[in-house]
Amino acid sequence: MSERLGPDVAATIASAALAVAAESKIPPESAVSISQKRKPPPPDTPENTHTRSLVILSFWVVVITVGLPLWWITTAIYRAPLPLKEMQSWADGRACRAEFPLLIDVEAPTLPDPENLLKTVQHALDDANDFSAHHLRLRLSTNSSRVDDGEESVAATLRLSQGTAGSPHSYVLSPSSRAIDLFYSPSYNPTSFSAFVASTLQEIFAEEQQMISYLLASSAPAPSPSPSSGGGNGGNGVKVVSKVNTAEIARKMSRIVKYSPMYHLTFSLFTAAGAPSNWEIEEAVSEYLQPLLDALGGISGFTVDSQIQFYASLSSSVVPTWVPDSEGEGAGGRYTLKKEDLSSFINSAEWPLVSITSYPTINFIIYIPAADQSPLIIPTSSTNAFLLPQWGGVMIHNPLAESDNTHLTKEALKPALDIFATQLLALLGAPTHPASLPIRLDSLTRQRSAELLVSASSTLGSLYRLTLALPSISIPSSVSTSVSSTLSSLTAACQELRRGRFGGALEEGRNAEQQAEKAFFEKSMVGQVYFPEEHKVAVYLPLMGPVGAPLLMAALKEILRLVRVRKASKLGG
Amino acid sequence: MDRRSFTVIIAAVVLRLVMFTAFPSLPDLLTNRVELSTPVTSFKRLQEGLFLYTHGLSPYDGGVFHQAPLLLAFFTTLPSNPIVVYLVYILSDVLSAYSLIQIATSGVSVSTPYHTSSRKSSAWPPWAVAAAFLFNPFSIATCIARPTIVFTNTAILTAVAKGVQGQGIAAVLALAMASYLSLYPVLLLPPMILLAYDNLPAVKKKKGRSLGSFAAVLASVFTVAAVGLGTLSWGITGGSWEFLASTYGVHLLLPDLTPNVGLWWYFFIEMFDSFREFFLCVFQLHLAIYLAGLCLRLRKQPLFVITTLLGISSIFKSYPSIGDTALYLSLLSLYRHIFPLMRYTFFVTSTLLYATLLGPAFYHLWIYAGSGNANFFYAITLVWSLAVTVLVSDAIFAVLRDEWETERPEMKGKEIVQI
């Protein structure tokens, strides 16, 4: 209240000055001495009346010829045209039905009738698939006829070959390539083998499919009815993908850090004592983690830094409990952390974990407990580490050898960095399931594209609702530009997805998301969102009251006088 | 100039020299006072601009300096001795006082061709008017703080002095200089033309020059002079029009919200961004809206129109300072004869004193002690503005009453009511 008092008082002063001017308009003749109160005031001289009319007119001329146009120009609301219909259709998920056609090459040099097998497998896959947007497509490729069109990325390569005698069908995933080696038993039976191939593929891509369907379902209010629902469960042993375990997926999704084209990784060594005083983190990161970061480079970039904090105490609420070894004499034992302790393990009040970058930071912490609290164990974790959703990972390192106490070597850090690599993938949202890293990363690309598509569309939807809800909000042309850029990127991303070019889709999705955010958080608009219409009363009232009232009253008086004069002249005439 | 006036001026010069030399820290102390130095007049900012200018950089880089380029050219020719700078400011005050003496000698404040006050005899003699300006604490403080408003004031007073002598061209040239230095004096052009026209020597008037052609000539002289000064500045700043936005743009758009004695800074800190342009227009228009009304109503006394407009702009302009009020008070001292007709002299005097004493205290509480906030200082500037507003309106009332009593001598001394 007192903050807003100032302008009102200012306006009062302005009105005082106006009143002065009004006073100056009072003709001398209209002043009358108190002693002659009963007498009517002496009539104005024509000259005075004329001057008074001119003075009032001069004020009104300025108000009308300059004031009103200025008011009109300065308070006009510019609303750049927005493609509202298109925005709405994106927000409703009607504009684009995202599709994820996964191409799988099949190499079967030794099989007698690969085409037939492929047909059967494809049929089984299509039947079992209850999420039509994400489907697998098989393509027979021979080494000679491999078409390098560079158009479509191949999700995986199936290599079919004969296994050792007597063994059942089996498959092997290479951890560093997209190849899946399938071995059929020598007693080749097309029916059983095709069922095995289909179930293998489903198993490999099940998690990704669930994630994407979860992502798309959370955005689109009306999921498209799946054409094959119900009819898929043939008796031929094809394992139908288990019903989407929504709770499990939601839990997984909740720990994923929001997508950003860049992330900052901070590796921190928190030690409860003064040692170790140095660690070979730079070498360790470049040797153990950098390959993963390079592989992730197509999705997001990373910057890395590290820090050491000595005498880092745990927050007071975390008290490890002493659990003696059951068979010991009492000396042996360990300190354990309860599950509740883990959530408050990070002492954010004292540990310097403030992000200084404009993009999200992921923290990885190695905590070395004090000697009198060692060894510190998390009983529920075999690796003595835990993951903090959307934030980072923590590992508790209990030094084993004496040398550890002053210097942490690269080798000593390896287990920690292996855990951090796993945690990083989990935080970024890569599926945990198939052992092959390239397949997981491809999966992550598709997942992130879906996420970006959904998030950019929903931002557009928010902007759409905002512009409709606040008809008086001004929309700068930059917003309109951003929106059209978002829309074209979204369309492009959608097309790329359909064609199976997921890298391009991610690129376009990234741009769409960025532009959509830019449009929605336009500086001049954000302020107006919190400016209700009623405030305009507060803005105009100080002006209209003290400044407008004298002006209006003077004009009114003058008009009344003119009317009276005209009447009198008519009567006289 | 009689001997008394001469004595007054000598005494004032000595007083200022003593203030400058006996208290060496005083000039810098006063320079830092927001009441005396505004972003568009501050001596400190002038030095910043000078430094950039002499080092071959654009003086307007950095957004600190908002003053006219000719000031730079003028100050670079001065030797860098502070005494010289003091002397320049003292000389400027002396010229102002000399102009005031000329105005008072002409007697235009008591008798114009259309109106002669019945209280003519009680007007102050020229030396007293000069003394009222030279020994006014506001004027002295302004001189010692060395804001460039001092030069604007001198230019305005010179213009008025030329105006009362009927030298229209000279008056308008001086006014162009004042407008060039701080923009708002441009509002004085219409009453200045009236003043010069009314006081044209009888010989010239007989030639039958109409007010219209006279005004057209003076207005075009003013325009040519203003354009000439602008072009000169363009040359000085190395062929760049940047100075327009950095000087007049600052007067008009108020980008610098440093506190001052005016009403704008707090208002525009609080104003919603989307209404900022609108209220800038309202405030600027508010300054100009009185011009026509006053000229019409007080057609008989254009000098008083100038005085009143200076009073109004000392309250409502974008960066007012005590120096503006000092100018208004010095011109008002020409109207000593209407003081008995004013109704609120006690109120105004005490309120002005109250604001003068409490203003620095509240500013200290806000900025240095930290125990107050911006509202403290703003409240005191409101009181200050209220006092000057009441003074302006009371003076208008008194002048109108004086005109009325001249028309109707039988009403002299009787109470009146406004209907």
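Me: Before anything else, what counts as two residues being in contact?
Reply: Their C-beta atoms, placed from the backbone, lie within 7 Å.

Me: Good. What share of the contacts in chain A between residues at least 6 apart in sequence join residues at least 24 apart?
Reply: 79% of them. This is a predicted model: local features need pLDDT of at least 70, side-chain atom pairs count only at pLDDT 80 or more, and totals for chains, interfaces and linings use all residues. Residues are numbered from 1 along each chain as its sequence is written, while chains are lettered from A and ligands numbered from 1 in the order in which they are written.

Me: How many helices and strands does chain A have?
Reply: 14 helices and 16 strands. Both are DSSP runs numbered from the N terminus: helices are H or I, at least four residues, and strands are E, at least two.

Me: Which residues of chain A does the "transmembrane region" annotation cover?
Reply: Residues 54–78, according to an unreviewed UniProt entry. UniProt positions are in the numbering used here, feature names are shortened, and annotations may be inferred rather than shown by experiment.

Me: And what is the chain like over residues 54–78?
Reply: That stretch of chain A is 88% helix and 0% strand. Its end C-alpha atoms are 38 Å apart.

Me: Switching to sheets. What is the strand order in the open sheet of 5 strands?
Reply: β3-β2-β4-β6-β5 in chain A, with mixed pairing. Two strands pair if DSSP finds at least two bridges between them.

Me: Which strands are at the edges?
Reply: β3 (134–140) and β5 (170–173) of chain A, each pairing on one side only.

Me: How do β2 and β4 of chain A run, parallel or antiparallel?
Reply: Parallel, with 5 bridges joining β2 (residues 100–107) to β4 (residues 154–162). A:L103 stands opposite A:V154 there.

Me: What about β10 and β11 of chain A, parallel or antiparallel?
Reply: Those run antiparallel, over 4 bridges. A:W322 has A:Y335 in β11 as its bridge partner. β11 also pairs with β13 (residues 376–377), in the parallel sense, over 2 bridges.

Me: Now the inside. How many residues does the largest nonpolar core have?
Reply: 125, and B:A130, B:L175 and B:M192 have the most contacts inside it. A nonpolar core is a set of buried Ala, Val, Leu, Ile, Met, Phe, Trp, Tyr and Cys residues joined through C-beta atoms within 7 Å. Buried means 20 or more other C-beta atoms lie within 10 Å of a residue's own, placed from the backbone.

Me: Which helix gives the largest share of that core?
Reply: α19 (residues 374–407) of chain B, with 17 residues.

Definitions and conventions:
Buried ≥ 20, exposed ≤ 12 C-beta atoms within 10 Å, placed from the backbone.
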